[in-house]
Amino acid sequence: MKINIQHKVYTRRTNGLSFLFVLLITFYVIPFSACKDKESPAPVQETGTVSDNEGNVYETIKIGDQWWTTENLRATKYRNGDPIQFITEDTLWKNSTIGSYCTFDNIANNINVTGGLYNWYAVNNANSIAPEGWHIPTDAEWKMLEKHLGMSDFDLEKVNWRGSNEAQKLKSTGQQEWVLYNNILPTNESGFSALAGNCRMFNGIWGSPLDLRSMGFWWTATDNPGYDQAWYRYLDSKKTDVFRFYGPKTYGFSVRCVKD
């Protein structure tokens with residue numbers, strides 16, 4: 001009997017210790033896990049809007065330490081109200097050294113779809129085509145954006161195709177905005193929402209209508225004096241990296257703006 005009583009006491013104590021252990025798990029481990037989840041919420045992107053002097057409203061987003069417009073410029077006037085020269089004829093476009101713009105395939109409504117295509121003389125005009133408080137980004141400011149998205153310092157300084165998947169982080173995910181090629185899917189992780197707006201070359205060749213959704217070109221505000229050309233960026237539906245080079249200032253490219 002004595003042995004049985006001791007056994008019963010031992011069993012009760014063991015059960016008590018087990019119960020205490022469960023309580024410790026409940027009050028310490030579970031709250032710790034909950035706190036850990038609360039410490040790493042999904043990052044919240046800051047967004048806003050900006051308007052130009054024509055009443056065009058552009059969505060904006062903060063990427064790293066920079067604020068960017070998430071839409072291509074649609075301005076037809078400079079900040080002071082002067083009109084930007086609109087050109088449709090190929091020869092006039094090729095020879096113009098005055099700030100000018102056009103629309104893809106000379107279809108006027110395309111400015112509301114993917115924005116205007118501007119030559120570099122419009123980009124560099126002292127009256128500015130950017131909204132008040134904003135400007136056309138320099139080559140260095142584009143590099144800041146690319147570095148924030150993960151491009152290495154070595155690749156930043158290269159020309160031609162650079163980086164790895166930064167282009168996918170820039171491209172809009174809208175189904176009608178980029179031709180999907182070989183399962184290369186945009187993520188728009190940055191919120192930049194790059195649109196495929198094509199370009200206009202010096203001879204006015206546009207390519208096929210499909211090209212409107214296959215490629216996008218953006219001017220920087222930085223020229224290359226040795227070649228009398230200017231730096232730009234190019235994204236392609238078939239590539240995941242970013243093309244950096246310089247081209248004739250008479251080309252027509254899209255424009256994004258960055259906050260002063």
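β4 (85–86) runs parallel to strand β5 (residues 100–102), and two bridges join them. Strands here are DSSP E runs of at least two residues, helices are H or I runs of at least four, and both are numbered from the N terminus. Two strands count as paired if DSSP finds at least two bridges between them. Within this pair, F86 stands opposite Y101 in β5.

Both strands belong to an open sheet of three, in the order β4-β5-β6 and with mixed pairing. β4 and β6 (117–118) are the edge strands, each pairing on one side only.

## What you are looking at

This is a predicted model, where local features need pLDDT of at least 70 and side-chain atom pairs count only at pLDDT 80 or more, while totals for chains, interfaces and linings use all residues. Residues are numbered from 1 along each chain as its sequence is written, and side-chain values use heavy atoms, leaving out hydrogens and water.

Now for the loop between β3 (66–69) and β4, which is where N72 is found. N72 is buried, at 2% relative accessible area. (Buried means under 20% relative accessible area, exposed over 50%, and partly exposed in between, with a 1.4 Å probe and protein chains only.)

The N72 side chain makes a polar contact of 2.8 Å with the side chain of R256 and another, of 3.0 Å, with that of W218. A polar contact is a pair of N or O atoms within 3.5 Å; within protein, one must be able to donate a hydrogen and the other to accept it, and residues adjacent in sequence count only if both atoms are side-chain atoms. Leaving aside residues up to four places away in sequence, N72 also touches others, including Y58, T114, L195 and V255. Contact here means heavy atoms within 4.5 Å.

## Salt bridges

The whole structure has 14 salt bridges, each a side-chain nitrogen of Lys or Arg within 4 Å of a carboxyl oxygen of Asp or Glu. One of them joins E132 and R79, with the closest N and O atoms 3.9 Å apart. That pair links distant parts of the chain, 53 residues apart: E132 is in the loop between α4 (120–123) and β7 (134–135), and R79 is in the loop between β3 and β4. E132 is exposed at 60% relative accessible area, whereas R79 is partly exposed at 28%.

R200 and D90 meet at 2.7 Å, N to O. R200 is buried at 0%, while D90 is partly exposed at 33%. Then there is R162 with E146, also given as 2.7 Å, N to O. R162 lies in strand β8 (residues 160–162) and E146 in helix α5 (residues 139–148), so this bridge ties together parts that are 16 residues apart in sequence.

## Nonpolar cores

The largest nonpolar core has 28 residues, and L73, Y118, I129, W219 and V255 touch the most other members. A nonpolar core is a set of buried Ala, Val, Leu, Ile, Met, Phe, Trp, Tyr and Cys residues joined through side-chain atoms within 4.5 Å. α4, β9 and β10 (229–236) each supply at least two of its residues. Among the residues that L73 touches, not counting those up to four places away in sequence, are Y58, Y118, I129 and V255.

Apart from this core lies another, of 18 residues, among them L149, M151, A167 and F192.
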